[in-house]
Amino acid sequence: MNLLVLPILVPLFTALLVALLNGRGMLQKVVSLGSCLWLTGFVFWLLLHVDKSGIESMCFGGWEAPFGIVFVADRLACIMLCLSMLVGTVVLVYTFWTVTDIQQKYFFYPLFQIVLLGVNWSFLSGDLFNLFVAYEVMLVGSYGMMMVGANRGQVLQTMKYIAINTIGSTLFVVGCGLLYATVGTLNFADLAQKTATLSGSRAGLVTAISMVLLVVFAMKTATFPLFFWLPDSYPVVPAGVSGYFAGLLTKVGVYSLLRVFIMVFRQDGHVFSINVLLVLSGFTMLLGVLGAMCQWDIRRILSWHIISQVGYMVMGVGLAANPMIAEVAIAGTIFYIVHHIIVKSSLFLIGGIAERVSGTQEIRKMGGLLDMAPGVALLFIVASLSLAGMPPFSGFLCKLVLIRAGLTGGNYLIVFVALVTGFLTLYSMTKIWSYAFWRNQCHKVVGFNYRGMMAPTAILVVMTILMGLYAQPFLSLGQRAARSVLDPQGYIAAVLGSGDEEPVADTPLEVSEPSRDPMRLVCGQPKEHRR
Amino acid sequence: MELLIAIVIGVLFGGGTYLILRPSLIRVVMGLALYSNAANLVMIACGGYSPDRTAPFVNSDTNSISTLMDPLPPDFILTAIVISFAVNALFLTTCYFVYLDHGTDDPGQLPVNKLKVENDFVE
């Protein structure tokens, strides 16, 4: 389906058009918003279409799949695309109130479209090298975004960010080269087919190469040993855009982990690399939340929380080592990604409002926000309780699915770490609440009209409530996505299939089968199924 | 040939690491440039380069596959070269502005962790 190229073509042409319109702020806003809204509609349609009639793929220039560049939209990719465009649109509306003249003059809106382009591209890529190129586009966009209208601090932090990511890209190229030399292809579908038949020393070699790629993705996701760059760089991004960065950029890494380590690497002994992920996730969760506890800048606290939350998602990927719980664990991970992108973006947007209302970044100097901005306080308490995993909201359900999967698989240690992390997250959120919102006012009043920024933030917060109260459709969608990631036959058929226009149907789904239903697994099996 | 390329890759990665660890931003940029070249050489080695193989499709009479080189790795390398060129240019510019701002290019002297993150609206 040729329409698959739209999620990258539309931001590309919007970026060019908006760059030409530089100096006409109003027109730039209208054009960017129009294209974002249109594309959001399109990707939601694509999700429904792919969910109903199977995986879509497209070969560029008619070069057939294992040789040419291929775009593939399966359920996982479509879910990520929807989130990217939804959060992108919300953040764009939010930035209408926060963008400064100097940022607008130095191509703020075109750069934002470039970031969207890179993120969408990485979700659609059907081969490893294309994923690398998408990463680079996304990163170059984010370098620009961090430095737009920059001051001294921003340039300095961006320099660190560029250096660490350049090293990551080098390793990515090395990993691609070694994998190509070993297996002879970089196409995901072809790799999934070929690695499944590997055994012996070849399989060991592929596992070793997967460790190179693990370093790359760990750098992108900010997993345990490689998270140090994140808390410094995200707080310097302009307030609204940091919501998009926080939500999407690290999740591109988690998506790549799911795609590459669960779907593509299926050689003998691939369980080893998944187990490595499980171990790393424990450290990531715990160290991330401990880092958050000793910070005082609101967006820096939230940045450390990204690290600990990424730990949960990586834990879900790691739990998939056990085939008995793999499907529930991956479904839980996908649900967690959806929840996290929405909640973390909304928290960053709220943090941006709090900074503007109080004129400071440090929560010790804030205070009194509950009186000054009660609406913001309401949004914050909902989003932060959801992040910590309190019952009525989506954070509770996705943690429940993952922890239940861990208990069923017997991974008690990691479940313990996850629960402790959830508790400490609650502590850290309470700290922000009691310092910034509950205390007496201790700063001068900044006459700032924040109401315009509330509406886009509220959309995201309402979504986390809805996802908590009405979770079944999201969970079963996550489960269907998980099934097609774990069993890539449908993906392989759609990409490498007959090659003509005949749509290749996905494996038929039996959604209503009770024992494979994640909610059933969460709420307990019927008695006769228990051992 | 593979041994030679392997040695060159090793030297480039070693030199790059040495330069990145020097207390000077310009050397860090050069080290990263060496890294990207080393990565490109890995690609060449992985594509099975040897002097007695020719480019495919040029002399169509030599239709024996064993004398042809795989065309895909050079494609990857071209893409990677373009990207690393752009990123290095951007990085060099950033380092120059850091030098202008702080009057030093020694990362140890830069207030990397001390400087408060100033945002556009905080006075």
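How many salt bridges does the structure hold over all chains? The count is 10. The model shown here is predicted.

**View 1. A salt bridge joins A:Asp51 and A:Arg75.**
The side chains of these two residues meet at 2.6 Å, N to O. The pair links distant parts of the chain. A:Asp51 sits in helix α2 of chain A, which spans residues 25-53. A:Arg75 sits in helix α3 of chain A, which spans residues 75-98.

**View 2. Helices α9 and α12 of chain A cross.**
Two packed helices are described by the angle between their axes and the distance between the axes. Helix α9 of chain A covers residues 201-221, and helix α12 of chain A covers residues 271-293. Their axes come within 10 Å. The crossing angle is roughly 30°. The crossing of α9(A) and α12(A) is right-handed.

**View 3. Residues of α9(A) and α12(A) make the contact.**
From α9(A) come A:Thr207, A:Ser210, A:Met211 and A:Leu214. From α12(A) come A:Phe272, A:Ser273, A:Val276, A:Leu277 and A:Leu280. What kinds of residue make up this contact: nonpolar, polar or charged? Six are nonpolar and three are polar. No charged residue takes part.

**View 4. Chain B meets chain A.**
The size of an interface is often given as the accessible area lost when the parts come together. Between chain B and chain A, the buried area is about 3,600 Å². Carbon and sulfur atoms give 72% of this area. The contact takes 38 residues from chain B and 43 residues from chain A. How many salt bridges does the rule find across the interface of chain B and chain A? The answer is zero. For polar contact, the count between the two chains is one residue pair, with both residues at pLDDT 80 or more.

The side of chain B that touches chain A divides into 27 nonpolar, six polar and five charged residues.

How values were computed: Residues are numbered from 1 along each chain as its sequence is written. Chains are lettered from A and ligands numbered from 1 in the order in which they are written. This is a predicted model: local features need pLDDT of at least 70, side-chain atom pairs count only at pLDDT 80 or more; totals for chains, interfaces and linings use all residues. Side-chain values use heavy atoms; hydrogens and water are left out. Axes are lines fitted to C-alpha atoms, for helices over the stretch in contact, and angles run from 0 to 180 degrees between N-to-C directions. Helices (H or I, at least four residues) and strands (E, at least two) are DSSP runs, numbered from the N terminus. A crossing is left-handed if the near helix is turned anticlockwise from the far one by less than a right angle, and right-handed if clockwise. Contact means heavy atoms within 4.5 Å. Ala, Val, Leu, Ile, Met, Phe, Trp, Tyr, Cys and Pro count as nonpolar, Asp, Glu, Lys and Arg as charged, and the others, Gly among them, as polar. Buried area is the accessible area (1.4 Å probe) that two parts lose on being put together, summed over both. A salt bridge is a side-chain nitrogen of Lys or Arg within 4 Å of a carboxyl oxygen of Asp or Glu. A polar contact is a pair of N or O atoms within 3.5 Å; within protein, one must be able to donate a hydrogen and the other to accept it, and residues adjacent in sequence count only if both atoms are side-chain atoms.
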